[in-house]
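Hello,

Here is the structure for your files. My notes on it follow below.

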Amino acid sequence: MSKDLLLNLLLILTPIFVYQVFQMERVSTKKPHLDQWLIGLLYGIACDLCMVFPIAFGEDFLWDLRWVPFLIAVLYGGWRSGLVAALLLLGYRLYLGGGISFYSVVVCLLIVFTCTMLIRRRYLSYNRSQKVLCSLGLSLTTFLFMMASIWYVFDAKSQVEYLVGRGCAFYWMYAGLYMFAMTFSVLLIENLMESARMREEIRKSEKLNIISDLAASIAHEVRNPLTVVRGFIQLAQSTMDEDNRRYMRTAISELDRAEFIISDYLNFAKPELEHLERVNIAVEVRNIVTFMTSYATMQAVELTLDVEDTLYVFVDKVKFKQVIINLVKNSVEAIRQGGRIEVRAHRNGDCVQVTVIDNGEGMTAEQVERLGKPFYSTKEKGTGLGLMVTFRIVEAMSGTLTFESEKGRGTQATITVPFATKKDNFKRRNHDAGDESSHDE
Ligand code: ADP
Ligand code: MG
């Protein structure tokens, strides 16, 4: 029996690794639907193989862990995977024999499928320990449903004594194995997903580093000659007639635009925060919003503010200002007519959250995914560097920047940074002082 059991467990774990092999080549998948069908296929096969190699208990009682791969397929792949796995599972079960026992499997499957789909969204938002607890509960519930359907079938055939005869210990073990197999798979999947995410993160930051090195070297070299050209054009203007002056003004405004792009670039290349200090960003946010109100009004946008009074954070004031300006500017640009932007800043536990909400054109999920990539812009005059810089600065403040958006409805950008207590400030100062003294030595 233990051999069969180990084989069943192995069959359940195999799809995880097979999927990993496929997945490795393309970490950020472009075709999620294809992935879901693939998950369904792999776990459906696992369901079938569990039935092909069942676990024998005693002379004639066969059981297996087929519901575990099915549950995983639905949980991680959604209805598409669930559908494929269900078809494969039922197909093979029908091949084994129809009749009442087949129908009981169908009913059980429908119930399990529906329940799992209902909790799926919530499940995916859980953290790891919550997921483990949830999968324990889910596998136990499934086990109970399955037992109920088996009981029903045996009852119909008046063979309940046979089931009772297996003894309590057997059922405990059966349920335990379901829960074990399920939890073990979930833990394994979570770990693999975590490491895939990390790989992706590393890849991204490597790319960014290359760009920022390039940026620093080129941008700096280009900026100086530009300034010189601009100066000479200005000088030459005084000796020109009106027509030529107009051309020169255009030339200067284009030069200014180039200069503007380059400073965005340089900012990106040097996102280190130079003057980190404990700042009450409530004051900063108020100032920035006041200063941007006229800009917003010019575009017929109403800018409102909802800020708590004391929000201490370690930031570089200048860079922080730039972050808020970038976000508000994007929101203004996303609004066609008669829009509203709200800037909120609140404390949330150990963090401070600054949110910029607009009712502009919004973005699709793919667009949100691309935010922060260099040169991604949908605007005619956009540089596609604003958010790239913004992301880098927020990262350097040990914070996170997230976007929620719906096409046609609006966008919400949320910055989350750790709150800085007085004690933190004290520690930091001592730490810096310690650093300096160690440099002196
Ligand atoms: P730019 O503003 O120069 O285009 P950004 O990096 O600031 O570059 O923004 C990149 C793109 O992200 C924009 O072109 C726009 O399509 C999209 N975007 C950013 N913020 C918003 C927003 N609040 N609403 C809708 N789209 C936005
Ligand atoms: Mg912008």
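**Surface patch, cores, cysteines and salt bridges**

Helix 1 and helix 2 each supply at least two residues of a nonpolar patch; helices here are DSSP runs of H or I with at least four residues, strands are runs of E with at least two, and both are numbered from the N terminus. The model is predicted, so local features need pLDDT of at least 70 and side-chain atom pairs count only at pLDDT 80 or more, while totals for chains, interfaces and linings use all residues. Residues are numbered from 1 along each chain as its sequence is written, chains are lettered from A and ligands numbered from 1 in the order in which they are written, and side-chain values use heavy atoms, leaving out hydrogens and water.

The patch consists of Leu7, Leu10, Leu41, Ile45, Leu49, Val52 and Phe53, with about 540 Å² of accessible area together. (Patches take residues with over 30% relative accessible area and no salt bridge, joining nonpolar side chains, Val, Leu, Ile, Met, Phe, Trp or Tyr, within 5 Å and like charges within 9 Å; areas are from the Shrake-Rupley method with a 1.4 Å probe, and for residues only the protein chains shown count as cover.) Helix 2 gives the most, four residues. Ile45 is found in helix 2 and is partly exposed, at 39% relative accessibility. (Buried is under 20% relative accessible area, exposed over 50%, partly exposed in between, with a 1.4 Å probe and protein chains only.)

The largest nonpolar core has 56 residues, of which Trp63, Leu65, Trp67, Phe70 and Leu89 touch the most other members. (A core is a set of buried Ala, Val, Leu, Ile, Met, Phe, Trp, Tyr and Cys residues joined through side-chain atoms within 4.5 Å.) Its largest share, 13 residues, comes from helix 3. Apart from this core lies another, of 41 residues, among them Leu311, Val354, Tyr376 and Val389.

There are zero disulfides, meaning pairs of cysteine sulfur atoms within 2.5 Å. Cys50 is in none, and the nearest cysteine sulfur, that of Cys47, is 6.7 Å away. Cys50 is buried, with a relative accessible area of 0%.

The structure holds 13 salt bridges (a side-chain nitrogen of Lys or Arg within 4 Å of a carboxyl oxygen of Asp or Glu). One of them joins Arg66 and Asp64, at 2.9 Å from N to O; Arg66 is buried at 15% relative accessibility, and Asp64 is buried at 6%. Arg246 also bridges to Asp243, with the closest N and O atoms 3.6 Å apart. These two residues, Arg246 and Asp243, are three residues apart in helix 8 (residues 242-269), so about one helical turn separates them. Lys329, Glu333 and Lys379 are linked in a network of salt bridges.

Regards
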